[in-house]
Amino acid sequence: MKLRLQIAFWMVMLAPACCFAHLGSPDVYFQGNAGPYHLLVTVRTPQMIPGIAEITVRSDTPGIGAMQATPLYIVGAGAKYPPTADSLQAAPGDAQTFTGKLWLMDAGSWQVRLQANGSAGSGTLAVPVAAFARSTLPMRKSLGILLFAMMTLLVVALVSIIGAARREGGLRPGEQADRAHRRGAIRAMAIGLLLLIAALTFGNWWWNTVAAANTTRKIYQPPNLAVSLAGSTMTMRIGDSTWHTGRPDTVMTQIIPDHDHLMHLFLLSPKMDRIYHLHPDQSENDPLVFTENLPGVAPGHYKVFADIVRASGFPDTMVADVNVAQSGANPLSGDDSEATAQPLALPTAGNLVSPLRDGARMVWERAAGALASNQLIQFRFRVEDSDGKPVNNLEPYMGMAAHAEFVASDFSVFAHVHPDGSVSMAALELANTAAAKGDNGMPTMNMPQMSMQGMSTPEMQDGARTLLPAEVSFPYGFPKAGLYRIFVQVKRQGKVETGVFDANVN
């Protein structure tokens, strides 16, 4: 930033923007029930806060006459004193789609509370939204040129005034300046120019210092994740985050379980031909340290993604790299899983079938061809047996019908998505369960267990097991064009299976 002190008032500096903490995936996609109405919700997050989020609500259930939306915090005093609700407007020619705009005023763990009223009655639904600044507003090049020209004109004018004052300030009316006065004017102009340059240089330094401080304080960055290996034991240390500690009321730093685990750890090979979904243990001595006894991980370089959720419902996705030199001898256990596939490549993008074990397969239910970015897509997948018939033995996987990871080929996008959408399930539970909050609006430590979110289809019983239909779906939207790999994880006969699909996005 060059010599911008004079134009500070033209720029809107560091104000928080709202987005979910998925890497590179700022918008929120969600589906859920507001009483008798099944809603598909998209929240387009603003670039700056105070800023306006655009919300679109599509009802699969007809009969809604009015829809209102209220932004408020999930926890703290802001959760107890909501602002006046904003009315969403029915889209022209579509009585089941409602759109509107909402102000988000500060950083933290928010919810958008929807109130639907119609012929079938009324219902409410809360959608978690993590709000934070992710960038500054750029200055338009044309405006920068104009302001630089104005600054140059002011500098020339000030230097000219200094010279005229030194040359003619002591002369009598009608008297002409002699050689000494003219030389003195030149010296005064040179000194004045040097002083102005020094002032502008100091101002530029001050501006950059303040901007850097505001960047650290206001623009969200996930905490650093330091990863180390000792044999087959991987240790993850979460770094300090001044962004979190500076907001104790709205982004509490304590880590809470999400799907019964405090951390979801993903190891991806550079070509995405291997993925490991693991769940490290928290250290008893340091809550910011996690350890994992690696299973039989193939040696090589891996990109590390670690998902956690704070006590306020605020999610963090931390990124690191690790080189695995030797394979561990520990078998997979519990909810841990692994999968292998062909390397990600553009010529193979668009596959609609992924093989599973025992001759079974997973089918992506969609038409062939490229997909569009920045729009809600209902991703539907069906698991079939070796005869091509839908299976009837899918089981809940960590309390959900399925899990999915959407990853861009350059790793700039990583989104851990569930059948309910791109929000954290722990945050969803906090936002929608009154029993999870104490009298002061803060979460109690005895929060109810996660319900079977994401299971909108009927469940079946087979002895002590809960069985699910063969089809699963995820609402999500690609944030930008490019090549993506999608990992879809289901549980069948006690084992986690992963379907792998590639998508070319325009």
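Q: What classes of residue make up the lining of the second largest cavity?
A: The lining has 8 nonpolar, 3 polar and no charged residues. Here Ala, Val, Leu, Ile, Met, Phe, Trp, Tyr, Cys and Pro count as nonpolar, Asp, Glu, Lys and Arg as charged, and the others, Gly among them, as polar. This is a predicted model, where local features need pLDDT of at least 70, side-chain atom pairs count only at pLDDT 80 or more, and totals for chains, interfaces and linings use all residues. Residues are numbered from 1 along each chain as its sequence is written, and side-chain values use heavy atoms, with hydrogens and water left out.

Q: Which strand gives the most to that lining?
A: Strand β8 (residues 121-131), with 3 residues. Strands are DSSP runs of E, at least two residues, numbered from the N terminus.

Q: Changing topic: how many salt bridges?
A: The count is 14, taking a side-chain nitrogen of Lys or Arg within 4 Å of a carboxyl oxygen of Asp or Glu.

Q: Which residue does D286 pair with?
A: D286 pairs with R237, at 3.0 Å from N to O. D286 lies in the loop between β14 and β15 and R237 in strand β10, so the bridge ties together parts 49 residues apart in sequence.

Q: And E497, buried or exposed?
A: E497 is buried, at 5% relative accessibility (buried is under 20% relative accessible area, exposed over 50%, partly exposed in between, with a 1.4 Å probe and protein chains only). E497 forms a salt bridge with R492, the closest N and O atoms being 3.0 Å apart. Salt bridges that share partners join R357, D358, R492 and E497 into one network.

How values were computed:
Helix = DSSP H or I, 4+ residues; strand = E, 2+ residues; numbered from the N terminus.
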